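Visitor: I am new to this structure and would like to learn how to read it. Could you show it to me and take me through some features?

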Amino acid sequence: MSKYRKEQNFLVKHALNLHLNQKTYVKNLYPCYLGILFIGKISPSILEKLKFQIKLVFDSFFFDITFIREKNLDTCLNNLYTKEEFNLLDRTLTKVILYPTNNFYSIIKIQMSEKNLAIGLGLTNLPIYSSSDEKLLFLFGEANLKHNCAIISTHNLLNFYKSETAENRIIKEAIHEIGHLILGPEHCFNDNCVMRFSANIEEIDSKSNHLCEKCKSELENIRTTNNF
Ligand SMILES: [Zn+2]
Ligand SMILES: [Zn+2]
(Lines give C-alpha, C1' and ligand atoms only; values in the text may rest on other atoms or scores of the structure.)
(Ligands and ions follow the chains in the order given, each with its own letter.)
Protein backbone atom coordinates (compact mmCIF):
# COMPACT_ATOMS: atom_id res chain seq x y z
CA MET A 1 0.00 0.00 0.00
CA SER A 2 2.46 2.62 1.12
CA LYS A 3 2.63 5.92 -0.68
CA TYR A 4 1.40 4.42 -3.94
CA ARG A 5 -1.97 3.99 -2.39
CA LYS A 6 -2.44 7.56 -1.29
CA GLU A 7 -3.78 8.37 -4.73
CA GLN A 8 -7.54 8.53 -4.76
CA ASN A 9 -7.54 6.42 -7.92
CA PHE A 10 -6.41 3.43 -6.00
CA LEU A 11 -9.37 3.57 -3.67
CA VAL A 12 -11.78 3.59 -6.58
CA LYS A 13 -9.95 0.85 -8.44
CA HIS A 14 -9.74 -1.28 -5.35
CA ALA A 15 -13.49 -1.10 -4.87
CA LEU A 16 -14.26 -1.58 -8.57
CA ASN A 17 -12.06 -4.62 -8.87
CA LEU A 18 -13.72 -6.36 -6.03
CA HIS A 19 -17.12 -5.70 -7.56
CA LEU A 20 -16.25 -6.69 -11.10
CA ASN A 21 -14.16 -9.76 -10.42
CA GLN A 22 -15.91 -11.31 -7.50
CA LYS A 23 -19.56 -11.44 -8.46
CA THR A 24 -19.79 -15.14 -7.75
CA TYR A 25 -19.68 -14.51 -4.04
CA VAL A 26 -22.13 -16.65 -2.04
CA LYS A 27 -23.16 -16.34 1.58
CA ASN A 28 -24.66 -19.74 2.33
CA LEU A 29 -21.46 -21.26 3.60
CA TYR A 30 -21.64 -20.67 7.34
CA PRO A 31 -20.97 -21.97 9.90
CA CYS A 32 -17.84 -23.68 8.59
CA TYR A 33 -14.20 -24.52 9.33
CA LEU A 34 -11.49 -21.90 8.95
CA GLY A 35 -7.85 -22.86 8.42
CA ILE A 36 -4.82 -20.63 8.97
CA LEU A 37 -1.63 -21.19 6.99
CA PHE A 38 1.75 -19.51 7.52
CA ILE A 39 3.74 -19.04 4.31
CA GLY A 40 7.29 -18.03 5.15
CA LYS A 41 8.42 -16.43 8.38
CA ILE A 42 5.55 -15.68 10.73
CA SER A 43 6.03 -15.66 14.48
CA PRO A 44 3.95 -18.53 15.94
CA SER A 45 3.20 -16.40 19.00
CA ILE A 46 0.45 -14.60 17.07
CA LEU A 47 -1.63 -17.70 16.40
CA GLU A 48 -3.60 -18.02 19.65
CA LYS A 49 -4.34 -14.27 19.82
CA LEU A 50 -5.44 -14.29 16.20
CA LYS A 51 -7.77 -17.24 16.71
CA PHE A 52 -9.18 -15.67 19.87
CA GLN A 53 -9.92 -12.33 18.17
CA ILE A 54 -11.45 -13.97 15.07
CA LYS A 55 -13.75 -16.03 17.31
CA LEU A 56 -14.67 -12.93 19.25
CA VAL A 57 -15.72 -10.94 16.17
CA PHE A 58 -17.24 -13.77 14.10
CA ASP A 59 -18.80 -15.64 17.00
CA SER A 60 -20.39 -18.95 15.86
CA PHE A 61 -19.48 -18.46 12.17
CA PHE A 62 -16.70 -21.03 12.52
CA PHE A 63 -17.08 -24.50 14.03
CA ASP A 64 -13.37 -24.35 14.64
CA ILE A 65 -10.25 -22.47 13.57
CA THR A 66 -7.38 -24.80 12.82
CA PHE A 67 -3.75 -24.14 12.14
CA ILE A 68 -3.07 -25.88 8.83
CA ARG A 69 0.71 -25.72 8.85
CA GLU A 70 3.76 -23.64 8.24
CA LYS A 71 4.97 -23.69 4.63
CA ASN A 72 8.56 -23.14 3.75
CA LEU A 73 8.91 -20.55 1.01
CA ASP A 74 11.53 -22.46 -0.96
CA THR A 75 9.24 -25.42 -1.46
CA CYS A 76 6.00 -23.68 -2.31
CA LEU A 77 6.55 -20.38 -4.14
CA ASN A 78 7.87 -19.97 -7.64
CA ASN A 79 9.22 -16.78 -9.10
CA LEU A 80 6.72 -16.51 -11.92
CA TYR A 81 5.20 -13.05 -12.32
CA THR A 82 7.15 -11.54 -9.44
CA LYS A 83 7.91 -7.82 -9.57
CA GLU A 84 10.97 -6.00 -8.39
CA GLU A 85 10.05 -2.62 -6.96
CA PHE A 86 11.52 0.07 -4.77
CA ASN A 87 10.30 -0.31 -1.25
CA LEU A 88 9.22 3.28 -0.76
CA LEU A 89 8.89 2.78 2.97
CA ASP A 90 12.57 2.03 3.26
CA ARG A 91 14.72 5.15 3.21
CA THR A 92 17.63 3.34 1.64
CA LEU A 93 15.45 2.79 -1.44
CA THR A 94 16.40 -0.82 -1.84
CA LYS A 95 14.43 -2.97 -4.24
CA VAL A 96 12.34 -5.87 -3.02
CA ILE A 97 10.62 -8.77 -4.79
CA LEU A 98 6.84 -8.67 -4.68
CA TYR A 99 4.73 -11.79 -5.21
CA PRO A 100 1.30 -11.87 -6.89
CA THR A 101 -1.64 -12.73 -4.65
CA ASN A 102 -2.78 -15.55 -6.98
CA ASN A 103 0.40 -17.39 -6.11
CA PHE A 104 -0.72 -17.53 -2.48
CA TYR A 105 -4.35 -18.36 -3.26
CA SER A 106 -3.20 -21.49 -5.14
CA ILE A 107 -1.20 -22.67 -2.13
CA ILE A 108 -4.03 -21.92 0.32
CA LYS A 109 -6.66 -23.61 -1.89
CA ILE A 110 -4.67 -26.86 -2.08
CA GLN A 111 -4.45 -26.94 1.71
CA MET A 112 -8.14 -26.11 2.08
CA SER A 113 -9.19 -29.00 -0.12
CA GLU A 114 -6.74 -31.44 1.52
CA LYS A 115 -8.01 -30.55 4.99
CA ASN A 116 -11.63 -30.05 3.94
CA LEU A 117 -11.80 -26.45 5.11
CA ALA A 118 -14.30 -23.96 3.68
CA ILE A 119 -12.26 -20.82 4.43
CA GLY A 120 -8.50 -20.34 4.25
CA LEU A 121 -6.41 -17.50 5.63
CA GLY A 122 -2.74 -17.21 4.70
CA LEU A 123 -0.14 -15.07 6.44
CA THR A 124 3.17 -14.30 4.77
CA ASN A 125 6.15 -12.08 5.51
CA LEU A 126 6.68 -11.44 1.79
CA PRO A 127 5.54 -8.23 0.08
CA ILE A 128 2.60 -8.84 -2.24
CA TYR A 129 0.79 -7.18 -5.15
CA SER A 130 -2.72 -7.78 -6.43
CA SER A 131 -3.10 -10.26 -9.28
CA SER A 132 -6.36 -8.55 -10.27
CA ASP A 133 -4.71 -5.11 -10.52
CA GLU A 134 -0.94 -5.06 -10.88
CA LYS A 135 -0.79 -1.41 -9.82
CA LEU A 136 -1.85 -2.34 -6.30
CA LEU A 137 1.56 -2.88 -4.77
CA PHE A 138 2.56 -3.65 -1.18
CA LEU A 139 -0.93 -4.71 -0.16
CA PHE A 140 -1.57 -5.32 3.53
CA GLY A 141 -4.03 -8.03 2.55
CA GLU A 142 -6.51 -9.18 -0.06
CA ALA A 143 -9.54 -11.46 -0.03
CA ASN A 144 -10.57 -13.73 -2.87
CA LEU A 145 -14.32 -14.05 -2.50
CA LYS A 146 -14.66 -16.56 -5.30
CA HIS A 147 -12.32 -19.04 -3.66
CA ASN A 148 -13.10 -18.19 -0.01
CA CYS A 149 -9.54 -17.42 0.94
CA ALA A 150 -7.44 -14.41 1.88
CA ILE A 151 -3.79 -13.49 2.22
CA ILE A 152 -2.20 -11.05 4.69
CA SER A 153 1.32 -9.70 4.17
CA THR A 154 3.15 -8.64 7.32
CA HIS A 155 5.86 -6.95 5.24
CA ASN A 156 4.51 -3.43 5.64
CA LEU A 157 2.89 -3.99 9.02
CA LEU A 158 6.18 -4.41 10.88
CA ASN A 159 8.95 -1.97 11.74
CA PHE A 160 6.99 1.22 11.91
CA TYR A 161 6.64 3.70 14.70
CA LYS A 162 4.72 2.12 17.50
CA SER A 163 1.31 3.62 17.88
CA GLU A 164 0.11 0.05 17.57
CA THR A 165 1.86 -3.32 17.80
CA ALA A 166 2.55 -5.33 14.67
CA GLU A 167 0.47 -8.17 16.09
CA ASN A 168 -2.57 -5.95 16.50
CA ARG A 169 -2.18 -4.68 12.93
CA ILE A 170 -2.00 -8.23 11.61
CA ILE A 171 -5.09 -9.17 13.63
CA LYS A 172 -7.01 -6.15 12.28
CA GLU A 173 -6.09 -7.00 8.71
CA ALA A 174 -7.01 -10.66 9.18
CA ILE A 175 -10.41 -9.72 10.63
CA HIS A 176 -10.89 -7.22 7.79
CA GLU A 177 -10.23 -9.81 5.06
CA ILE A 178 -12.35 -12.49 6.75
CA GLY A 179 -14.99 -9.77 7.04
CA HIS A 180 -14.91 -9.41 3.24
CA LEU A 181 -15.31 -13.17 2.81
CA ILE A 182 -18.41 -13.14 5.02
CA LEU A 183 -19.94 -9.69 4.43
CA GLY A 184 -18.88 -9.05 0.84
CA PRO A 185 -16.57 -6.65 -1.00
CA GLU A 186 -17.90 -3.34 0.32
CA HIS A 187 -16.04 -1.21 2.80
CA CYS A 188 -17.64 0.44 5.81
CA PHE A 189 -17.50 4.21 6.22
CA ASN A 190 -17.63 4.24 10.02
CA ASP A 191 -14.28 5.56 11.28
CA ASN A 192 -13.66 3.04 14.00
CA CYS A 193 -14.91 -0.05 12.14
CA VAL A 194 -12.44 -2.77 11.18
CA MET A 195 -14.17 -2.94 7.77
CA ARG A 196 -13.11 0.61 6.92
CA PHE A 197 -10.59 0.75 4.05
CA SER A 198 -7.02 1.50 5.17
CA ALA A 199 -4.78 3.19 2.64
CA ASN A 200 -1.77 3.32 4.94
CA ILE A 201 -0.41 2.19 8.28
CA GLU A 202 -1.77 5.22 10.14
CA GLU A 203 -5.27 4.35 8.98
CA ILE A 204 -4.87 0.79 10.23
CA ASP A 205 -3.66 2.05 13.59
CA SER A 206 -6.55 4.47 13.93
CA LYS A 207 -9.31 1.88 13.50
CA SER A 208 -10.45 -0.73 15.99
CA ASN A 209 -10.29 -4.51 15.63
CA HIS A 210 -14.05 -4.95 15.79
CA LEU A 211 -17.15 -4.36 13.70
CA CYS A 212 -19.38 -1.30 14.07
CA GLU A 213 -23.07 -1.72 14.90
CA LYS A 214 -24.05 -1.53 11.22
CA CYS A 215 -21.65 -4.33 10.22
CA LYS A 216 -22.66 -6.37 13.27
CA SER A 217 -26.28 -6.21 12.16
CA GLU A 218 -25.27 -7.37 8.65
CA LEU A 219 -23.49 -10.28 10.28
CA GLU A 220 -26.63 -11.01 12.28
CA ASN A 221 -28.70 -11.02 9.05
CA ILE A 222 -26.38 -13.63 7.54
CA ARG A 223 -26.63 -15.68 10.71
CA THR A 224 -30.43 -15.53 10.56
CA THR A 225 -30.48 -16.40 6.84
CA ASN A 226 -28.29 -19.43 7.49
CA ASN A 227 -30.26 -20.53 10.58
CA PHE A 228 -27.52 -20.60 13.18
ZN1 LIG B 1 -10.95 -4.19 2.24
ZN1 LIG C 1 -18.75 -1.16 9.90
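Guide: Gladly, and we start with a definition: helices (H or I, at least four residues) and strands (E, at least two) are DSSP runs, numbered from the N terminus. A cis peptide bond, with omega about -5°, links Tyr30 to Pro31.

Visitor: What kind of model is this, and how are things numbered?

Guide: This is a predicted model: local features need pLDDT of at least 70, side-chain atom pairs count only at pLDDT 80 or more, and totals for chains, interfaces and linings use all residues. Residues are numbered from 1 along each chain as its sequence is written, chains are lettered from A and ligands numbered from 1 in the order in which they are written, and side-chain values use heavy atoms, with hydrogens and water left out.

Visitor: How many residues does helix α5 have, and what span should they give?

Guide: The expected span of a helix is 1.5 Å times one less than its number of residues. Helix α5 (residues 166–183) has 18 residues and should span 26 Å; its end C-alpha atoms lie 25 Å apart, which agrees. Just after α5, Gly184 has a positive phi of about 110°.

Visitor: Is α5 largely enclosed or left open by the rest of the structure?

Guide: Buried means under 20% relative accessible area, exposed over 50%, and partly exposed in between (1.4 Å probe, protein chains only). Since 16 of the 18 residues of α5 are buried, the helix is largely enclosed by the rest of the structure.

Visitor: Which residues are the protein donors of the zinc ion (ligand 1)?

Guide: Donors are N, O and S atoms within 2.8 Å of the metal (3.2 Å for Na, K and Ca); water is not among the atoms, so sites may look incomplete. Here they are His176 (NE2), His180 (NE2) and His187 (NE2), 2.0 to 2.1 Å from the zinc ion. Their spacing in sequence is H-x3-H-x6-H. His180 is buried, at 2% relative accessible area, and His187 counts as buried at 17%.

Visitor: Where does Phe138 lie, and is this residue buried or exposed?

Guide: Phe138 sits in the loop between β6 (128–129) and β7 (141–144). With a relative accessible area of 1%, Phe138 is buried. Although not a glycine, Phe138 has a positive phi of about 50°.

Visitor: And what about Asn227?

Guide: Asn227, also not a glycine, has a positive phi near 60°. Asn227 belongs to the segment after α7 (213–225) and counts as exposed at 70% relative accessibility.
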